[in-house]
Amino acid sequence: MKEIKYYSLIFLLVLLACRQPYEPPPIKADYNFLVVEGVINTTPNSSTTILLSRTRNLADTFLTSPERFAQIEIESGSGNLYNLMEGEPGIYTSNQLTLNPNQTYRLHIWVGNDQFISDFVTVKNTPPIDSITWKRDDGVTLYANTHDPQNNTRYYRWDFIETWQYRSVYETDMGVQNGMIYFRDSTNQIYNCWRSMNSTEILLASSVRLSQDVIDKMPLQIIPEKSEKLSVRYSMLLKQYALTEEAYKYWEILQKNTQKLGTLFDAQPSQLVSNIYNTTNPSEPVIGYISACNVQEKRIFIRNFEVFPWEGSFSSP
């Protein structure tokens, strides 16, 4: 029996000594592909914003890698050009434009010695957002509702900005400046606070399999019970985009590759098909898909008393 235990211990020690972390080659691969995000906005008197960044290694600890000092132009099918200028790092915005919805459009991007061009895309007409509704259950779930009476849209995408008011645990009417105590007035109080956050998930829906072009109760966001987001007042600014079938397929693959992986029955990762190309180095992939549409917006407010009882949390959501 002692010999069995002895050899078992030796075998276990050998196994432990031989264990090494496995890092697949793609994790260590030093890819540095251009990522293009944004929509050519044909809403009258509106600006177009395009975000440029670079792909990151899975082991990287920084969150983003913005592409600085690029040049971007929108080109119409008739040859008109519209410049975009960089504001914050990697964020390029045009002046307010009124683009002809009957034209086609594409992007020209220059990064260093490389030139990138997208396909010409047709403009999709985005129908208005009918409503943003919500339901109180184990938390609060918000939904988008829309329809196209002409049955021409069929493919939809959304993103949003949520902003909420919350309060500190303790309130103070006094402050300290230069070693002196003073009383705070309404212009420099620190009791009420506000925070904003962009949506992070890809939100898609299609009515292709329906007889009518109607999207009913598309889930947008779940606010968990006791979240500080509803401790005082919450707001969501929702943006709605109409997509072509090709653009929808791109976003659907990206959604599956990033949000629906990890279990045995999830779809396998698929190759993204972009409509943006590096004309200087055609073999180099580009991540992104350019669409053109007018953008519809709608805002909703929810106050704490509407979801009472709600125990507001003072920690981060």
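The structure is a predicted model, in which local features need pLDDT of at least 70 and side-chain atom pairs count only at pLDDT 80 or more, whereas totals for chains, interfaces and linings use all residues. Residues are numbered from 1 along each chain as its sequence is written, and side-chain values use heavy atoms, with hydrogens and water left out.

The secondary structure of the protein comes to three helices and 20 strands, where helices (H or I, at least four residues) and strands (E, at least two) are DSSP runs numbered from the N terminus. Of the 317 residues, 37% count as buried, a term that stands for under 20% relative accessible area, with exposed meaning over 50% and partly exposed in between (1.4 Å probe, protein chains only). The accessible surface of the protein is about 19900 Å², and 53% of that surface belongs to carbon and sulfur atoms; such areas come from the Shrake-Rupley method with a 1.4 Å probe, and for residues only the protein chains shown count as cover. Among the contacts in the protein with a separation of 6 or more, 69% are between residues 24 or more positions apart, a contact being defined by heavy atoms within 4.5 Å.

Strands of a sheet pair through backbone hydrogen bonds, either parallel or antiparallel. In this model, 10 strands form an open sheet with mixed pairing, in the order S8-S19-S1-S2-S5-S4-S3-S6-S7-S18, and two strands are taken to pair if DSSP finds at least two bridges between them. Strand S8 (123-124) and strand S18 (276-278) stand at the edges of this sheet and have a single partner strand each, so one side of each is left without a neighbour in the sheet. Within the order given, strand S1 (residues 34-41) pairs with strand S19 (residues 291-293) in the parallel sense over three bridges, and Val39 stands opposite Ser291 in S19.

Asn41 also has its place in strand S1, and with a relative accessible area of 11% this residue is buried. The side chain of Asn41 reaches the backbone oxygen of Ser47 at 3.5 Å. When residues up to four places away in sequence are not counted, Asn41 touches Ser46, Ser47, Thr48, Leu99, Cys293, Asn294 and Val295.

A further set of pairings involves strand S10 (139-147). Strand S9 (residues 129-137) and S10 run antiparallel and are joined by eight bridges, while a hairpin connects S9 to S10 through one residue. Along this pairing, Ser131 stands opposite Asn145 in S10, and Trp134 stands opposite Leu142 in S10. S10 is also joined to S16 by seven bridges, again with the strands running antiparallel, and the bridge partner of His147 in S16 is Val214. S10 is mostly covered, since eight of its nine residues are buried.

Helix H3 (residues 245-259) has 15 residues, which at 1.5 Å a residue should span 21 Å, and its end C-alpha atoms are 20 Å apart, which agrees; the expected span is 1.5 Å times one less than the number of residues. The buried residues in H3 are Ala247, Tyr248, Tyr250, Trp251, Leu254, Gln255 and Asn257. The buried residues of H3 pack against S11, strand S15 (203-206) and S19.

Asn151, in the loop between strand S10 (139-147) and strand S11 (155-167), has a positive phi of about 60 degrees although it is not a glycine, and at 27% relative accessibility Asn151 counts as partly exposed. Lys226 lies in the loop between strand S16 (214-223) and strand S17 (233-242); phi of Lys226 is near 75 degrees, a positive value in a residue other than glycine, and Lys226 is partly exposed, with a relative accessible area of 45%. The peptide bond from Phe308 to Pro309 is cis, with omega near 0 degrees, and Pro309 is found in the segment after strand S20 (296-303).

How values were computed: A polar contact is a pair of N or O atoms within 3.5 Å; within protein, one must be able to donate a hydrogen and the other to accept it, and residues adjacent in sequence count only if both atoms are side-chain atoms.
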